[in-house]
Every structure is written in C-alpha cells, then in structure tokens.
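Please look through the sequence and the model below before reading on; the paragraphs that follow go from one local feature to the chain as a whole and then back to its strands and helix.

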Amino acid sequence: MAPNQNQAAVVHGPNDLRLEQRPIPEPAFNEVVVEVDCCGICGTDIHFLKQGGFGAQTLIKPIVLGHESAGVVRKVGSEVSHLKIGDRVAIEPAAGCRTCGLCKVGKYNVCLNGKHCTTQKHDGNCSNYYAQYADCCFKLPDHVTMEEGAMLEPLAVAVYATRRADIRLGSRMVIYGAGPIGQMCLIAAKAMGATRIVVMDQVRAQRRLDLAMKLGATGTIAINVDDKEEEVVNRIYEMLDGPADRFLECTGYEVAIRISILATKNTGKVCLIGLRNNNINVPMVDAISREIDIITVMRYNHELVCGIGYLLHCLWYCSV
C-alpha cells in the first residue's frame with residue numbers, strides 16, 4: 001500500500017466485495033482518526049457479503065465492512081483532550097445520536113439515529129483510516145496486542161449478554177453455540193459467578209467444544225442434525241442435574257431457540273444473541289405458562305469500557 005492511502009473493503013451486493021480507495025477522513029472537533037491495525041470478521045459482515053444483509057439491515061448502498069477494530073490515533077479533533085497522536089486504542093463502533101430519548105436514558109445501543117457500523121447507513125472500519133468519536137475509543141494497556149484489542153468489541157457483546165441475563169453467583173446455565181461469541185460468553189459468565197456451564201454445538205464443531213472445556217466449561221454437548229429436541233433437553237438435564245437457570249443462545253437457529261426454552265427452568269431466563277434472517281416457530285405457550293423471560297441483546301451498552309478486565313481474564317484462562 002502506498003503511504004497516505006485509505007483502502008477499504010466495500011461490499012456492493014451478495015458475493016461482491018471490492019477493495020476501493022476512500023478519502024482519508026478529517027476529525028470533527030470531538031473525533032479522532034485511527035489508523036486501523038487489526039479488524040476482525042463478524043457474522044454480520046458475512047451476512048452482508050453472502051446475503052446482502054440480515055433482517056431489516058439490507059444493503060441500500062455500497063458499504064465498508066468491519067467493526068471489530070483496534071489501531072493507532074493519527075489525528076485528534078480540536079476539543080479532544082484525553083487522547084493524543086500515537087495512542088493505541090480499541091474502537092467502539094456503536095454510538096448514539098446523544099439527543100434522543102433512548103440516548104438520554106443510556107440506551108444508545110438501540111438509538112434509531114446513531115452512528116452504528118456496520119449498518120446499511122454507516123460504513124464500517126475495515127479500512128486503513130477511520131474517524132470515530134473520541135469517547136468511543138479506549139486506550140489499550142501496553143501489554144495488550146492489537147489483535148486482543150480488536151477482540152474487545154465481541155467481548156463487549158458477551159459481557160452485555162451476561163448482564164442482561166442476570167447471570168450471578170451459582171448460576172447453572174447453557175451456552176448454545178461455541179463460536180467466538182459463545183466462547184466469550186463462557187468467559188464472561190464464569191467471571192459473573194456461574195458455577196455450572198454447559199456449551200453446545202454441532203458435532204462438526206468438536207474443536208470449538210474442546211476449546212470451551214479449556215476455557216472452563218463444566219461439560220459440552222455435541223449435537224447431530226437428526227437429534228430430537230427431547231433427547232437434547234434430557235442430555236442438558238443430566239449434565240446440570242436439572243434444567244438451566246440461564247440459557248444464552250448464540251446461533252439464531254430455530255431449533256436452538258426452541259431447545260433453549262424447553263431446557264430452561266420455570267422463571268428462568270433465555271437470552272437471544274444470535275442473528276438469522278428467517279422468522280421462527282417457538283414454543284411460546286410453554287414459555288408463557290412457565291414464566292420464562294425471553295431477553296434479546298443488541299450490541300452492548302457501556303461494556304467496552306470495562307472489557308479490558310474481561311479480556312485479561314480470558315487471556316489468563318487461555319494460558320493455563
């Protein structure tokens with residue numbers, strides 16, 4: 001790459017990804033421009049690339065992908081005082097408009113007019129340079145790598161999910177999906193005090209299930225595509241000595257959501273994290289009659305600021 005160029009990964013439609021030149025941004029008074037060092041690939045990026053979006057978030061124009069990033073501050077806005085050129089930062093890619101009712105009560109993560117990347121209206125940060133509000137950029141300790149800094153964004157999702165699900169000391173729980181979000185939910189749940197955690201995924205994901213055991217799962221369940229729901233629920237009961245207090249569903253698949261409801265105790269909580277395109281059929285009468293709370297999660301809400309502590313917790317588990 002030639003110096004002072006800003007190349008970006010731009011999706012134009014399903015399976016149409018292009019590397020394009022974009023102008024290097026200038027910071028507004030309350031922004032910094034970050035030279036992106038590391039950018040992760042999220043499932044939502046894959047949805048934009050493969051299907052042209054997900055749910056209501058469909059492509060209406062070409063957009064830059066990426067939102068799990070860390071980099072180095074290269075330009076600083078006139079009113080920014082807590083960051084300087086050369087600071088290594090993790091980027092929080094979701095910011096509210098700061099004036100609507102949702103933002104004023106602290107729910108900036110679902111602000112209708114916010115700057116949330118990547119969405120159909122806002123470019124992501126899989127580019128050489130990206131401008132973001134300075135208060136959405138968090139300094140990294142010297143011993144945290146850029147790759148680890150980029151992990152803070154998906155880790156924030158997990159921390160928010162465990163808070164929304166009210167995981168606490170002694171919780172017995174299940175995590176369906178052993179991908180990056182599921183693994184981070186495992187770390188966050190252990191930090192919250194959960195004592196029994198079963199992680200589930202398909203048989204073909206055995207390596208991910210092995211990693212979950214290394215990260216502290218009580219046990220794992222490998223699912224075959226033809227397994228009956230009742231059989232899976234019984235296996236959960238056997239591993240937890242009963243139904244789950246909390247169930248974190250990280251895949252978005254219909255069968256997983258059905259199992260999450262069926263395997264959760266009366267008055268327990270099911271937290272839906274995974275995203276898929278399709279409408280689903282779930283046992284709502286069962287959920288209502290047993291007063292199961294079904295909770296949803298969108299992004300995170302003030303979690304990136306505390307994510308470094310959880311990141312270090314995760315790195316410690318990976319080292320033992």
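**From a surface loop to the strands**

Met298 lies in the loop that connects strand 18 (293-296) with helix 10 (307-319), where helices (H or I, at least four residues) and strands (E, at least two) are DSSP runs numbered from the N terminus. This is a predicted model, in which local features need pLDDT of at least 70 and side-chain atom pairs count only at pLDDT 80 or more, while totals for chains, interfaces and linings use all residues. Residues are numbered from 1 along each chain as its sequence is written, and side-chain values use heavy atoms, with hydrogens and water left out.

With a relative accessible area of 34%, Met298 is partly exposed, a class that falls between buried (under 20% relative accessible area) and exposed (over 50%), computed with a 1.4 Å probe and protein chains only. Together with Leu102, Val110, Leu112 and Leu275, Met298 forms a nonpolar patch on the surface, and the accessible area of these residues comes to about 420 Å². Such patches are made of residues with over 30% relative accessible area and no salt bridge, nonpolar side chains (Val, Leu, Ile, Met, Phe, Trp, Tyr) being joined within 5 Å and like charges within 9 Å; a salt bridge is a side-chain nitrogen of Lys or Arg within 4 Å of a carboxyl oxygen of Asp or Glu. Accessible areas come from the Shrake-Rupley method with a 1.4 Å probe, and for residues only the protein chains shown count as cover.

For the protein chain as a whole, the accessible surface is about 14800 Å², with 53% of this belonging to carbon and sulfur atoms, and 52% of the 320 residues count as buried. The secondary structure comprises 10 helices and 18 strands.

Among the strands, strand 3 and strand 7 (residues 68-76) run antiparallel and are joined by eight bridges, two strands being paired if DSSP finds at least two bridges between them. Strand 7 also runs antiparallel to strand 8 (residues 88-91), with three bridges. Gly71 in strand 7 has Val36 opposite and also stands opposite Val89 in strand 8.

Helix 1 (residues 43-51) has Thr44, Asp45, His47, Phe48 and Leu49 as its buried residues. These buried residues pack against strand 1 (7-13), strand 2 (16-21), strand 3 (31-40), strand 4 (53-54), strand 5 (57-58) and strand 6 (63-64), contact meaning heavy atoms within 4.5 Å. After helix 1 comes Gly52, with a positive phi near 80°.
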